[in-house]
Structures are given as structure tokens and as C-alpha cells.
Amino acid sequence: MAEDGTAAAVNVSGTATGSNSVSRNSVVAEASRGKRIVGHATLEADPSDGVVAMMGRLKLTSRKAKTLVMDDEDDAKGCPDWAIVGKVLAPNPLHIETIKAVLRPAWGNPKGMIVRPMGSNLFLAELESKADRDRIMKGGPWMMGKNAILLKEFDPRIKSADVVFDSLLVWARIHNLPYNLMNTERGTPLAGMIGRVEFLDVDENGRAWGEYLRARVQVDVAEPLMRCVAVGSSRLRTTVYYEVKYEKLPMYCFSCGLIGHSSLVCPTPASRDEDGKLPWDSDRVCIPDQKKKEQRSSSHGLKSGQGSSTQPAVGETRNPEASSPVKPRKQRVWKTSTAHKETGAKGDTGRTAGTKRK
């Protein structure tokens, strides 16, 4: 391509056709002196390069691109007012309809919500109100099965490929803290060691009571989950470690502690301890789901015969409308007259039907 946009072709005789052309002889001459021709520019070339190789790398300059000046005072013009961009941390690509089917009931079926694909496991959710957007952004962690869904507020000035999904909103608990650390002043920097603090669960006086301090934090998905936090005392010159556990975590690795993959596919598998557990085992990191725990204990009790104190005994039947077992009724036997004995039908045993065995 020549400087004015016209093509320049080299013929067999060695002369080039076109308005702004470079003769092949001049190129060869410059190449023999250790220089390379690019359009009308002469650049230093590697002396070991041959003429054929240099001609194959010959690039002609194109005309300068024109600049389109746009009014950028209103960057969001033509873009949705309230929108969320999200990414599903799944090992396999998911269809947008599958993502829609999960998000709509999980987010309370917001009015006018439109979900559009933005790439592999990336989506844009348009919402009608700021209230719906804020409720969803603060309501995590959201999961698709066991896969985490990372969310960001939509910015019309950023390309979808440039959106960085680096954090997940989770609930964390710091256990066995002394009460002088379970307050807003000291608890906020303490929870900040886990991630960016969005909310601290304290009372109207800024204090927390109980076995743990509960905080809502944005954890970095590129870093392992924090299993403990260290607090040093300048007066006692000691360091105390306090255990950290999380509520309703999505899929994460028991070996490296990263969210987004399991220990079965971890590139850096860890060694197990004497109990056969990995460093980030669920017993050490996760708060057990109370509902599932109750279901498991109830199921175990029924299987072992300990789930109910009113099990029917052998030979008894249970009335479904009563709480206590009901014994079966005795069958009444009717006596017949002598005339009926003489004219009654014979049974298989030769006795008269309806008579009582003597």
C-alpha cells in the first residue's frame, strides 16, 4: 500500500508500477549496503538477512487514519441506567438461557429484567430500578449450583473484555475474640484483614456479643481464603491468632484455598495431615449449614429407629389421623340356627359356612 492508499506492484523487469513506488533495484542496492527499505523509509537491516527474506518482510506505510471527535459529555447516552455485569466461575461454558433460568428466581424475578450474553460465562443484566440493582449487589454471595457468580456495576466507558472480576461478597465470622475487640472501632480493621468490609454486624451501640464477630467482606478471588487473623499486643508483646470461618461458600479448593475450582483439578495439590484432611478442608473453613445438618440427623434417627417414640409394635396398626397406635379389632363370629346348619353351604373343610369351630 502506497502513501496515498494506492497499491504498488513489482513487475518482472524490476520496475514498480503505481503513483508512489519504490524500484526493486533501489531496494536491492540499499539492502546490499546493510539497510532495509520500508515504504520510503530506509531502516538498518541485519547483515545476515538475505534479499529474498527482506522482500518478504517489506511493509509499505498506509495513510494516516482520520480522528473522529465525539461529544463525550454524556458517556452513558444510549446505555441502560441500572445494569450489572457478571461472570460465572464455572469450568465449562454455560448457555445464556441456563444463566437466565437461575438468576431470575434467585433475584426475586425483578420486573423488566433483561439478561444479555457478553462472552464466555459473562452476562449483562439490565434492571428497571436502582433499588433492584442495589439489592442484588448487596445480597450475595450468589451461586449457580456450587459455582460463584461475581458481579460488578455496569460502566458504559469500559469494554466487556476489560472488566475485572476480582472479588466475591461473603459473610465471615471471627471466633473466640475478647469483647474489647468486638466493636466497630477495632472490629472493622480486624475484619479488613479478610477483605474489604461492607458491613459489620453490631448493635446500635457499635458492639457485638456472642461467640464470634460477623462481617460482610469482599474477598479477593485471586488470593487464598484467610483461615485466621493475627492480633498483636504492644503492651504484652504477644501475638494471638483467631479462627476465621465463612458462611455458604461456593466451590473452592481444599488444597490451595482459591475460589473457582476444586481440589480434584488443583494444579498445586497439597499434602494431607494425619487425619487425611487438606489445609482448607470444609471443617476448618466453612460454617455447616444448619438446615442440612438437621435433615441429616433426622434421617439418621429414622433409619436407626430413634426418630419417633410412637413406633407401632408388632401386630399393631397405626391410625394416620391419631398420634397413638391402634390395636386391630377382633372379628365377630355370628352363631347360626340349627335350620341354617342343615341348609347352609359347605366350605372346603366340610364345615358349614358361618359356624364357629368347636
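Where is asparagine 121 found? Look in the loop between S6 and S7, a spot we come back to in one of the views below. Everything shown here comes from a predicted model.

**View 1. The whole chain, before zooming in.** The protein chain runs to 358 residues, and 28% of them count as buried. Its secondary structure comes to eight helices and 16 strands. Take the contacts between residues at least 6 apart in sequence: 53% of them join residues at least 24 apart.

View 2. The structure has four aromatic pairs. One of them brings together tryptophan 107 and tryptophan 142 in an edge-to-face arrangement, 6.2 Å centre to centre and with 70° between the planes. Tryptophan 107 comes from the loop between helix H3 (96-106) and strand S6 (114-119), while tryptophan 142 belongs to strand S8 (residues 142-144), so this pair links distant parts of the chain, 35 residues apart. Both tryptophan 107 and tryptophan 142 are buried.

View 3. Tyrosine 179 and tryptophan 209 are both exposed.

**View 4. Two arginines over tryptophan rings.** Arginine 214 lies over the face of tryptophan 171, at 3.6 Å from the ring centre. Arginine 227 does likewise with tryptophan 280, where the distance from the ring centre is 3.9 Å.

**View 5. Helix H4 and what its buried residues pack against.** Helix H4 covers residues 130-137, and its buried residues are Asp132, Arg133, Asp134 and Ile136. What do the buried residues of H4 pack against? The answer is four strands: S5 (82-88), S7 (122-127), S8 and S9 (147-153).

View 6. Between glycine 140 and proline 141 the peptide bond is cis, with omega near 5°. Proline 141 is found in the loop between H4 and S8. For context, most peptide bonds are trans.

**View 7. Two asparagines with positive phi.** Most residues other than glycine have a negative phi. Asparagine 109 has a positive phi of about 50°, and asparagine 121 has one near 60°. Asparagine 109 lies in the loop between H3 and S6, whereas asparagine 121 is in the loop between S6 and S7. Are these asparagines buried or exposed? Asparagine 109 has a relative accessible area of 47%, so it is partly exposed. Asparagine 121 counts as buried because its relative accessibility is 6%, and the cut-off for buried is under 20%.

**View 8. The one cavity that turns up.** Searching the whole structure for cavities of 30 Å³ or more gives one. The largest cavity holds about 50 Å³ of space. Which residues line the largest cavity? They are Val85, Gly86, Met118, Leu122, Phe123, Ser160, Val163 and Phe165. S5 and S7 each supply at least two residues of this lining. By class, the lining of the largest cavity has six nonpolar residues, two polar and no charged.

**View 9. The second largest pocket.** About 350 Å³ of space lies in the second largest pocket. The lining is made of 20 residues, and those nearest the pocket centre are Met137, Lys138, Leu169, Glu198 and Gln218. H4, S9, S10, S11 and S12 are the elements that give two or more residues to this lining. Which element gives the most to the lining of the second largest pocket? That is S9, with five residues. Sorted by class, the lining of the second largest pocket has 10 nonpolar, three polar and seven charged residues.

Technical notes
Residues are numbered from 1 along each chain as its sequence is written. This is a predicted model: local features need pLDDT of at least 70, side-chain atom pairs count only at pLDDT 80 or more; totals for chains, interfaces and linings use all residues. Side-chain values use heavy atoms; hydrogens and water are left out. Rings of Phe, Tyr and Trp (its six-membered ring) pair if their centres lie within 6.5 Å; planes under 30 degrees apart count as stacked, over 60 as edge-to-face and the rest as tilted. Buried means under 20% relative accessible area, exposed over 50%, partly exposed in between (1.4 Å probe, protein chains only). A charge sits over a ring if NZ of Lys or CZ of Arg is within 6 Å of the ring centre and within 35 degrees of the ring normal. Contact means heavy atoms within 4.5 Å. On a 1 Å grid over the protein atoms alone, a cavity is a set of points where a 1.4 Å probe fits but cannot get out, and a pocket is an open set with protein on both sides within 12 Å along at least five of seven lines; lining residues have an atom within 4 Å of a point. Grid points are joined across faces, edges and corners, and a volume is the space filled by probe spheres set on the points. Ala, Val, Leu, Ile, Met, Phe, Trp, Tyr, Cys and Pro count as nonpolar, Asp, Glu, Lys and Arg as charged, and the others, Gly among them, as polar.
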